[in-house]
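Okay, thanks for coming, everyone. Let me put the structure up, and then we'll walk through a few spots together.

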Amino acid sequence: MDLRDLRAATTHWSAKPPTLILLFLSVTPNNFPLIHSHRQPAPAASFHVRFPCFLLAHLKLSNSFFFKFKVMSSSGIVRRGIHYLQKLKAANIPSDLIEQGQNRVIDASLTLIGERAKLKGQLVRALGGALASTTLLGVPLGHNSSFLQGPAFAPPRIREAIWCGSTNSTTEEGKELNDPRVLTDVGDVPVQEIRDCGVDDDRLMKVISESVKLVMEEDPLRPLVLGGDHSISFPVVRAVSEKLGGPVDILHLDAHPDIYDAFEGNKYSHASSFARIMEGGYARRLLQVGIRSINIEGREQGKRFGVEQYEMRTFSRDRHFLENLKLGEGVKGVYISVDVDCLDPAFAPGVSHIEPGGLSFRDVLNILHNLQGNLVGADVVEFNPQRDTVDGMTAMVTAKLVRELTAKMSKLSS
């Protein structure tokens, strides 16, 4: 959000403001204000925000140190778009006319991702020496969350933290992130813009899968996807498996198994993503680590699909095995899915589902660093900026996970 967005927000009043937005101001060394928003469902329609007087004067908002305003959440905008399309249908607007418009938006979205991937692939190939190059792809999707939808706002916060000046650009394994052969970025799938056109989840999931495939077409690019809620793992893993021509082994770090058949009736729920993956035959082995919130259905589904579930209550016993994993032999490679709530909330409070008793950050890094296998894709999901601390602690933790996964996936010739 920049200053123009903030000024617009203060003058736009919605009939149904569903979201509380707390704005925190920080100043970069170049004195450009960075405004970080933390959204929470709000019973009240208006609220106080504190800013320095110089910013208030610049925005021409008020001479007071406090002011009130209302804004619409992106989910509210999407609901308005879908409602608008329903009204068009009720007005006898031909359905093929609407579908043609939706197709144009989808085609434009895929063209943008594809052209950016092509450009980045050409750059990496021209530089030479890259056997595998990690490529960030954001999927800002939060509507399949069963609780809070804040993960939809995560990708830009993660990127900001990756390049934060408080740390350098070298990973623990010595990879240099400033080297485009190590890390590139093709931007975000425009999820909210597509949904605003009335596109349903069946088609949206296909768009996400096609976006991942466009990245993978540009050898040696490999996708590291920034969520978003955990529902995105299904279309991403599907794309990786289909593009490589067979199943992969999956290492899944999470407080929850996310293997309900259809949580709350939603087959694309973030709590059902791994049921879809296993049903589709996209994984040979699925190892779930960090589990500490699991019910009868989670265990039964695990048995049904042959999932290897490692719960936190036995982690001390399982530690040696989990810190020396060897995966991917006989299949197309290894895929890693990291839900930030695998970590104990002491390390990462900015998640929707806070589950005490989780992994330490070093536990996770030990598992990742020591894993043996050809990493062909990964995602980091469920960081919720709306619940993060004022100083962005969880954003930095999530960015560190992305940085270390980047180092794990990228390979340069010696």
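Buried here means under 20% relative accessible area, with exposed being over 50% and partly exposed in between, using a 1.4 Å probe and protein chains only. Helices are DSSP runs of H or I with at least four residues, strands are E runs of at least two, and both are numbered from the N terminus.

Quick housekeeping: this is a predicted model, where local features need pLDDT of at least 70 and side-chain atom pairs count only at pLDDT 80 or more, while totals for chains, interfaces and linings use all residues. Residues are numbered from 1 along each chain as its sequence is written, and side-chain values use heavy atoms, with hydrogens and water left out.

Let's follow α11 (residues 315-322), where D318 sits. Is D318 buried or exposed? D318 is buried, at a relative accessible area of 11%. Its side chain makes a polar contact with the side chain of T314, at 2.8 Å. A polar contact is a pair of N or O atoms within 3.5 Å; within protein, one must be able to donate a hydrogen and the other to accept it, and residues adjacent in sequence count only if both atoms are side-chain atoms. Setting aside neighbours within four places in sequence, D318 also touches Y310 and E311.

Next, the loop between α11 and β11 (334-339), which is where you find G333. G333 is buried too, with a relative accessible area of 2%. Not counting residues up to four places away in sequence, G333 touches V248, D249, G328, N374 and V376. The C-alpha atoms of G333 and S241 are 9.2 Å apart, although 92 residues separate them along the chain.

Now α13 (residues 393-409): its axis and that of α5 (residues 154-162) come within 8 Å and cross at roughly 75°. That makes α5 roughly perpendicular to α13, a label covering 65 to 115 degrees. On the α5 side the contact involves R157, I158, A161 and I162, and on the α13 side A395, M396, T398, A399, V402 and R403.

Last, cysteines. The structure holds 0 disulfides, counted as cysteine sulfur pairs within 2.5 Å. C342 is buried at 0%, whereas C164 is partly exposed at 28%.

Definitions and conventions:
Axes fitted to C-alpha atoms, helices over the stretch in contact; angles between N-to-C directions. Parallel < 35°, antiparallel > 145°, perpendicular 65-115°, else oblique. Contact = heavy atoms within 4.5 Å.
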